[in-house]
Amino acid sequence: MDTSSSQVTKVPLTKETTNMTWKAITLMAFMTVWGFGNVVNGYAYFNGVKSIVSWVIVFVLYFIPYSLIVGELGSTFKESGAGVSAWIEKTFSKRLAYYAGWTYWVVHMPYISQKPLNVVIAASWAIYGDKRLSTYNIVHVQIVCIIIFLCVLAFAQFGVKMVKHFCSVAGMVSIVLSFMFILMAVSAPAIRGTEITVNAIPQDLASYIPDFNFGYFASFSILIFAVGGCEKISPYVNKMDKPGKDFPKSIIFMTIMVVVCAVIGTIALALMFDPLNPPKDMVTNGAYQAFQQLGNWYGVGDIFVKIYALSIAITNFAVMILSIDAPLRILIESSDEQFIPANLKKQNKHGTYTNGTIMITIIVLILLIIPLFGIGGVNDMVSFLIKLNSVCMPLRYLWVFLAYFGLKRLLNQKAEYVMTKNALIGKILGAWCFGVTALFCILGMHNNNIYIMILNVLTPFVLIGLGLIMPYIAKKQREKLQN
């Protein structure tokens, strides 16, 4: 999410102020893609240290072509501020561009619905320093989540300028703590010696080979979701000194950085949790328990876990506000008026789209309430929301790959950075990434609990299907005005 201030000082555009080094792009891409939560989720869903091979697979076979595709699209359509929607409009049509914008917006609804629970869990750890929330009645917890969401809506009505700064600071704190955890955890055996007890890291190769069964592939959407979002760096490709040479270098170097962090982070977690059989509540409490254990190892008590939990609570609260405002603004301001009903463009004095916010409220409240009927406790709810988001959020990436496929049909586009000049190879790579994303989103819908599987299937289809109604409403409104 863009956390930069909307108020900037204009300076002359010189080489020094416009050009970015490949190292700067590498760092930007790394911070956009990676987070400690990814390591924890990978550890939980892919059997501890066996997740290491899975991270290597997803980055080499999926993320590298994905990010290079984004680089070429950003370089080709460098004046397209609307991102994916503009790419689709230029390679296909305005109607498809609207559907791309709608998909980008609507998949944020499950994402937003996950955040209140994240805030409650983090706040509980910050206050109590333990996992007692996992034992609470899920109905009571979700009522608190609904109250938090309504508070967020109230804040969102006043704009997002100050929230961006809070999000930036809290997010930076959590990133710094995450790196600190990895370094301190793997160093603890050498520094603290026999004063602490750590798990033995498996030495045999077989312990690191994933179980390539149906359950493995049904969870792979979590990895796809984890490495997505690099289209946010596309506007900066043309700001590099030598995009054709430096951009792929930055992506490959960033991939190495992430894989190294994933490997070391996984080893750090394996020192604390069973290397092959993570606890069942890992996705809910794993990150906090890890920081708590780190504090115990170094004799500082709960200070690490409480600071980390507080930063996560603030970040998730702020991200909710940004996720309400930014995607809605992109949808309304980038779509042709023939597809968006005029009343959705109504704004208050702070520039917030009030009717659009009402639509968000209705959808998110439904997503907060419906799972209560048929899902167990807090841990089950967290797992459900992670899996639901891994099915829904990657659907927006499909439009990136479709745009690239369309770009390779045009043949006359010029860019400072081109991944491949061969149109056939470009189409194959675009189709590959599209197919991988679609396949694992579909497989990710599977669940042994029939009720949860129904929700996993219906949610993306219903949310995206709602986009078909908007052009019809817009058409009826125009006809009414003409009459």
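The structure is a predicted model, and it holds 10 salt bridges.

**Helix 15**
- Helix 15 runs over residues 354–369, and its 16 residues reach 23 Å from the first C-alpha to the last, which is close to the 22 Å expected at 1.5 Å a residue.
- Buried residues in this helix include Thr354, Gly356, Met359, Ile360, Ile363, Val364, Leu367 and Leu368.
- The cover over the buried residues of helix 15 includes helix 6 (94–106), helix 7 (108–128) and helix 8 (138–156), along with helix 14 (303–334), helix 19 (450–465) and helix 20 (469–482).

**A salt bridge between distant parts of the chain**
- Asp211 forms a salt bridge with Lys50, with the closest N and O atoms 3.3 Å apart.
- This pair links residues 161 apart, with Asp211 in the loop between helix 9 and helix 10 and Lys50 in the loop between helix 3 and helix 4.
- Asp211 is partly exposed at 36% relative accessibility, whereas Lys50 is buried at 14%.

**Salt bridges within helices**
- Asp246 and Lys249 meet in a salt bridge at 3.8 Å, N to O; because they lie three residues apart in helix 12, about one helical turn separates them.
- Asp246 is buried at 10% relative accessible area, while Lys249 is partly exposed at 33%.
- In helix 14, Arg329 and Glu333 are four residues apart, and so about one helical turn separates them; their salt bridge is 3.5 Å, N to O.

Methods: Residues numbered from 1 in each chain as written. Predicted model: local features only at pLDDT ≥ 70, side-chain atom pairs only at ≥ 80, totals over all residues. Heavy atoms only, no water. Helix = DSSP H or I, 4+ residues; strand = E, 2+ residues; numbered from the N terminus. Expected span 1.5 Å × (residues − 1). Buried < 20%, exposed > 50% of the residue type's maximum accessible area, 1.4 Å probe, protein only. Contact = heavy atoms within 4.5 Å. Salt bridge = Lys/Arg side-chain N within 4 Å of Asp/Glu carboxyl O.
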